[in-house]
Amino acid sequence: MNKNKLTEYEKFWDEMSKTEEVDYDDEMINRLLRLKAIQSHLSGVHKILDVGAATGVYSIPLARMGFDVVHLDLSDEMIKAAKDKAIGLTNIQFIKHDACCLDVFENNEFDLVLCFDGAISFSGSKAEDVIAEICRVGKKVMLSVSSKSCMTVTWLNYSLSKLHYIHPSVKDIMETGCFNKENYDNAEELTSIAELKAYDIDELRDVLNKNGMNVLECRSIGSLTHLYLLHLYRQNSAQEVHKKINEISMDKKFLEICDYYDKYVMPNGMGSFRRAGIFAIAEKP
């Protein structure tokens with residue numbers, strides 16, 4: 001990224017740090033489903049890189065479990081919040097760096113690389129650079145990206161609620177998954193997001209294969225709660241929905257059926273309403 005664009009990107013994520021750990025709608029179940037997957041792939045792991053680690057939702061608990069962790073993020077505010085929670089930990093390193101070029105690390109330096117939510121998809125035209133870099137430095141990777149099917153609906157909502165017509169970017173998101181604010185005349189009114197690259201499952205699998213990875217899983221994550229929210233919002237106020245969805249998300253049985261639904265009922269679904277809805281695990285041959 002050029003310097004000006006990088007500065008805008010940093011400011012965007014600095015602002016996002018204020019609400020990073022506030023779970024709206026189905027954010028909590030998305031986080032917990034990812035944690036469940038992480039916990040099932042820790043055998044033989046010693047060194048972990050968390051790219052776009054934000055306020056340390058995964059990096060800090062993993063460090064407390066005894067793993068050597070590198071917490072990488074572009075936002076000063078995200079890193080500051082994470083450091084405040086990591087006081088006393090000596091096995092976690094904090095690095096401010098752009099995920100598009102992980103040149104500070106060697107090939108296969110990490111047993112496991114995590115890269116969730118915005119680090120890939122919000123890099124827009126550089127999204128595949130991020131994927132290539134995490135595949136280069138990691139022996140195994142876990143990542144999540146924005147779902148093309150979910151983001152098409154999101155963009156349609158932005159368009160009709162803010163502009164009152166169907167903006168041409170809606171079709172572009174649906175067809176290519178790509179959005180760049182610079183390509184449209186009135187995009188400032190549409191969204192604060194500068195760039196986006198959303199994927200479908202086959203596309204993400206192909207990108208991972210192209211980077212020499214064996215794909216163990218590539219599927220949606222959180223589709224059941226996305227659909228369940230439709231029922232909750234029909235029957236409850238927004239405040240009640242927030243309470244109910246967070247309460248049920250803490251139920252282990254609910255977590256299990258959400259995981260089963262993603263793997264065996266709707267693996268090619270739209271994913272969660274909030275947070276990145278496509279999830280993949282891949283490893284070096």
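Tryptophan 155 is buried at 0% relative accessibility, where buried means under 20% relative accessible area, exposed over 50% and partly exposed in between (1.4 Å probe, protein chains only). This is a predicted model, in which local features need pLDDT of at least 70 and side-chain atom pairs count only at pLDDT 80 or more, while totals for chains, interfaces and linings use all residues. Residues are numbered from 1 along each chain as its sequence is written, and side-chain values use heavy atoms, with hydrogens and water left out.

**Aromatic residues**

- Tryptophan 155 and tyrosine 158 form a tilted aromatic pair, 5.2 Å centre to centre with 55 degrees between the planes; rings of Phe, Tyr and Trp (its six-membered ring) pair if their centres lie within 6.5 Å, and planes under 30 degrees apart count as stacked, over 60 as edge-to-face and the rest as tilted.
- Both residues of this pair sit in helix H7, 3 residues apart, which is about one helical turn; helices (H or I, at least four residues) and strands (E, at least two) are DSSP runs, numbered from the N terminus.
- Trp155, Tyr158, Phe179 and Tyr184 form one aromatic cluster.

**Histidine 167**

- Histidine 167 is placed in the loop between helix H7 (148–163) and helix H8 (168–176), and is buried with a relative accessible area of 1%.
- Leaving aside neighbours within four places in sequence, histidine 167 is in contact (heavy atoms within 4.5 Å) with Ser159, Tyr184, Asn186 and Leu190.

**Charge over a ring**

- Lysine 162 lies over the face of tyrosine 158, at 4.7 Å from the ring centre; the rule asks for NZ of Lys or CZ of Arg within 6 Å of the ring centre and within 35 degrees of the ring normal.
- Arginine 34 lies over the face of phenylalanine 116, at 5.1 Å from the ring centre.
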